[in-house]
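Good morning, everyone, and thank you for making the time. I would like to walk you through one protein model slowly, so please keep the sequence and the picture open while I talk.

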Amino acid sequence: MQVRSEAIDWVLPSPRQVRARCETALWWLGVPLALSAAVALLWTRWAWLAAAVLALWLVWILATARPHVRGLAWTATGDAFVARSGWWVRSVRSLPWSRVRSVELSEGIIDTRLGIASLVVKVPGLGIPVKGLAPDEAKALRDELLARSAPDKVRPASPPLVSPSSVSS
């Protein structure tokens, strides 16, 4: 889905990214929350403080999942890759093609189940995530980013140093 704002055609993540964010939060915070509640019941009452903090943190993440994902977007311009993030504090990062060194494609367990993938565009000292892409779209974007980042550096594979016919058995 593309949205035009401020003369930039932003590409938004899939709405399934909201669910992925919520499920990830439930795993990463729900399990420690249950454990701290069990410790509070069985061992010490001070563990209720940890359970309360984890519960508030989990509620905050679940309540802000939709605005968080709505704040994510990316676009590829003629001279740079631009990524937008944040809903409370907006951040826009622009990476010139010449600085892009690698693009990492990942699909976690939750992402695979929901049919989405993520990319991390890496430059020296910084990695910018692009989340909520369809797997095919993520692969195509990765290939495009790598092709644009170093058009003069992409060369065909070099010939082998030793030809197979010169190796005797």
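Predicted model: local features only at pLDDT ≥ 70, side-chain atom pairs only at ≥ 80, totals over all residues.

Of the 169 residues in the protein chain, 33% are buried. If we take the contacts between residues at least 6 apart in sequence, 45% of them join residues that are at least 24 apart.

Which helix gives the largest share of the lining of the largest pocket? That is H1, which supplies six residues. Several other elements each supply at least two residues of the lining, among them helix H3 (65-70), strand E3 (73-76) and helix H4 (109-114). When the lining is sorted by class, there are 17 nonpolar, eight polar and five charged residues.

Let me move on to the strands, and to E7 in particular, which covers residues 117-123. Strand E7 is mostly covered, since six of its seven residues are buried. On one side of the pairing we have strand E6, residues 102-106, which runs antiparallel to E7 and is joined to E7 by five bridges; here Ser-102 stands opposite Lys-122. E7 also pairs with E8, again in the antiparallel sense, over six bridges, and in that pairing Val-123 stands opposite Leu-126. E7 and E8 form a hairpin with two residues between them, and in the turn Gly-125 has a positive phi of about 85°. As a general point for those new to this, side chains in a regular strand alternate between the two faces of the sheet.

Is Val-18 buried or exposed? Val-18 counts as buried because its relative accessible area is 12%, and the cut-off for buried is under 20%. Leaving aside residues up to four places away in sequence, Val-18 touches Ala-65, Arg-66 and Val-69. The C-alpha atoms of Val-18 and His-68 are separated by 8.2 Å, although these two residues are 50 apart along the chain.

Last, the aromatic rings, where the count comes to four aromatic pairs. One of them is Trp-74 with Phe-81, a stacked pair at 6.1 Å centre to centre with 25° between the planes, and both of these residues are buried. Another pair, Trp-87 with Trp-88, is edge-to-face, at 5.3 Å centre to centre and 80° between the planes. In this second pair, Trp-87 is partly exposed, with a relative accessible area of 33%, whereas Trp-88, at 64%, is exposed. Ring pairs also link Trp-60 with Trp-87 and Trp-88 into a cluster.

That is the tour I had planned, and I am happy to go back to any part of it.

Note on methods:
Residues numbered from 1 in each chain as written. Heavy atoms only, no water. Helix = DSSP H or I, 4+ residues; strand = E, 2+ residues; numbered from the N terminus. Nonpolar A, V, L, I, M, F, W, Y, C, P; charged D, E, K, R; others polar. Buried < 20%, exposed > 50% of the residue type's maximum accessible area, 1.4 Å probe, protein only. Pairing = 2+ DSSP bridges. Contact = heavy atoms within 4.5 Å. Phe/Tyr/Trp six-rings, centres within 6.5 Å; stacked < 30°, edge-to-face > 60°.
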